[in-house]
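Subject: A structure for you to look at

Hi there,

Here is the structure I promised to pass on. Please open it beside this email and follow along as you read.

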Amino acid sequence: MPKLIIQIPCLNEAEALPETIRALPRRLPGIDEIEFLVIDDGSEDGTADVARRHGVDHIVRFPQHQGLAKAFSAGMDAALKLGADIIVNTDADNQYDARDIPALIAPILAGRADMVVGDRDPQNLEHFSPLKRMLQFYGSWVVRGLSGTNIPDATSGFRAFSRRASLRLNVISEFTYTLETIVQAGKKQLAITHVPVRTYSTRPSRLFRSIPSYLRRSFVTLVRIYSLYEPIRVFWTLGTLMLGVGVLLGMRFLYYSLTVGPQGRVQSLILAAALAIIGVQTILMGLIADLIASSRSLVEDTLLRIRKIELRIGEGPDVEPGYHPEPPVGDEAEPIEGTAGSGFAPDSR
């Protein structure tokens, strides 16, 4: 039977983490082994020590804050090396009800999905303001359109991944993984679905300082990842739009030149020429970007093969292996040294 690893990215969560850990299951039907993995993203409040005291099996620790996206990626990589067949990601603030984990992993166990997103039903969450509900609705609508999926709650961090999906997803954003992984899953033809989950009212999000900041960074993330997979559509749409406006302005200038005279309308001709030139250049940039995207596809295939080879030969994880809260006296667990350039350090006792 499969092995499940529940990963928890943390940043200064020493106060909330114990309750989150206590709520997580240690046994589930259809699962042979369950382990907990905490990713300490440069916490300064002793989060890693709290995780140890409460029986967390593995800890990945960044020496300084790297951001949620990198913490998530590091956890996925470590979980794969620890032999996970299914990975569940949850928040450290106990926002998500751990009793919904069986429902979250059920489509993966049944072979119907590679990725499952927990649907919080944000339109009916009492602790969401009307503005936040509206932004969640339209934001998820945009993500569904870009990714070709039907996920109603795109920003939910409570989600499960099969081993197949975990090997194929490559998070490049430095802000958040939630939107990017959905777009990638859709473009890579991974089976993705959603299940309803329950939540608790918690503190305000620490991920962003304000709604405008979150919107700006989310927009940049979506444009960036969509441009990676659909460069022709993005660049040709922009190029055609500018070229079309330039042609219309040129026809307007020609009309008035023939009927009234060109006096006083030279500016329109200059703008028309500039837009036409920029439009053509943008279309050509789309062709170049499409060629680069083809190369990126080959690079991702190569990376997938390398990951499989690493796992096949037993490449050790960059985490403290098999941590036991109360080992026998004199039987200290020896940490595996982190690989060069991994970006995070192994935690040791």
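This is a predicted model: local features need pLDDT of at least 70, side-chain atom pairs count only at pLDDT 80 or more; totals for chains, interfaces and linings use all residues.

Residues are numbered from 1 along each chain as its sequence is written, and side-chain values use heavy atoms, with hydrogens and water left out.

**Salt bridges**

Side chains of opposite charge can pair when their charged atoms come close. A salt bridge here is a side-chain nitrogen of Lys or Arg within 4 Å of a carboxyl oxygen of Asp or Glu. How many salt bridges does this rule give? The count is eleven.

Let's begin with E35 and K3, whose closest N and O atoms are 3.3 Å apart in a salt bridge. E35 sits in strand β2 (residues 33-41) and K3 in strand β1 (residues 3-10), so this pair ties together parts that are 32 residues apart in sequence. Those element names come from DSSP runs, numbered from the N terminus: helices are H or I with at least four residues, and strands are E with at least two. E35 counts as buried, at 10% relative accessibility, and K3 is buried too, at 12%.

Next, find D153 and R120, which meet in a salt bridge with 2.6 Å from N to O. This pair links distant parts of the chain, 33 residues apart: D153 is in the loop between α5 (130-147) and β6 (159-162), and R120 is in the loop between β5 (115-119) and α5. Are these two buried or exposed? D153 is buried, at 0% relative accessibility, and R120 is buried at 7%.

K188 lies in the loop between α7 (178-187) and β7 (192-196), E300 lies in helix α10 (residues 266-312), and they are 112 residues apart. K188 has a relative accessible area of 18%, so K188 is buried, and E300 is buried with 17%.

**Aromatic rings**

Rings of Phe, Tyr and Trp (its six-membered ring) pair if their centres lie within 6.5 Å; planes under 30 degrees apart count as stacked, over 60 as edge-to-face and the rest as tilted. This rule gives five aromatic pairs. One of them is Y96 with F158: the ring centres are 5.0 Å apart and the planes are at 15°, so the pair is stacked. Y96 is in the loop between β4 (86-89) and α4 (101-109), while F158 is in the loop between α5 and β6, so the pair ties together parts that are 62 residues apart in sequence. Y96 is buried, with a relative accessible area of 4%, and F158 is buried at 1%.

How are the rings of F137 and Y138 arranged, and what is the angle of their planes? Their centres are 5.1 Å apart and their planes are at 85°, so this pair is edge-to-face. F137 is partly exposed, with a relative accessible area of 40%, and Y138 is partly exposed with 47%. There is also one aromatic cluster formed by F72, F161 and Y177.

**Two backbone angles to check**

Most residues other than glycine have a negative phi, and most peptide bonds are trans. Which phi value does N94 have? N94 has a positive phi, near 60°, and is not a glycine. N94 lies in the loop between β4 and α4 and is buried at 10% relative accessibility. D121, also a residue other than glycine, has a positive phi near 55°. You will find D121 in the loop between β5 and α5, where D121 is partly exposed, with a relative accessible area of 37%.

Happy exploring!

Terms used:
Buried means under 20% relative accessible area, exposed over 50%, partly exposed in between (1.4 Å probe, protein chains only).
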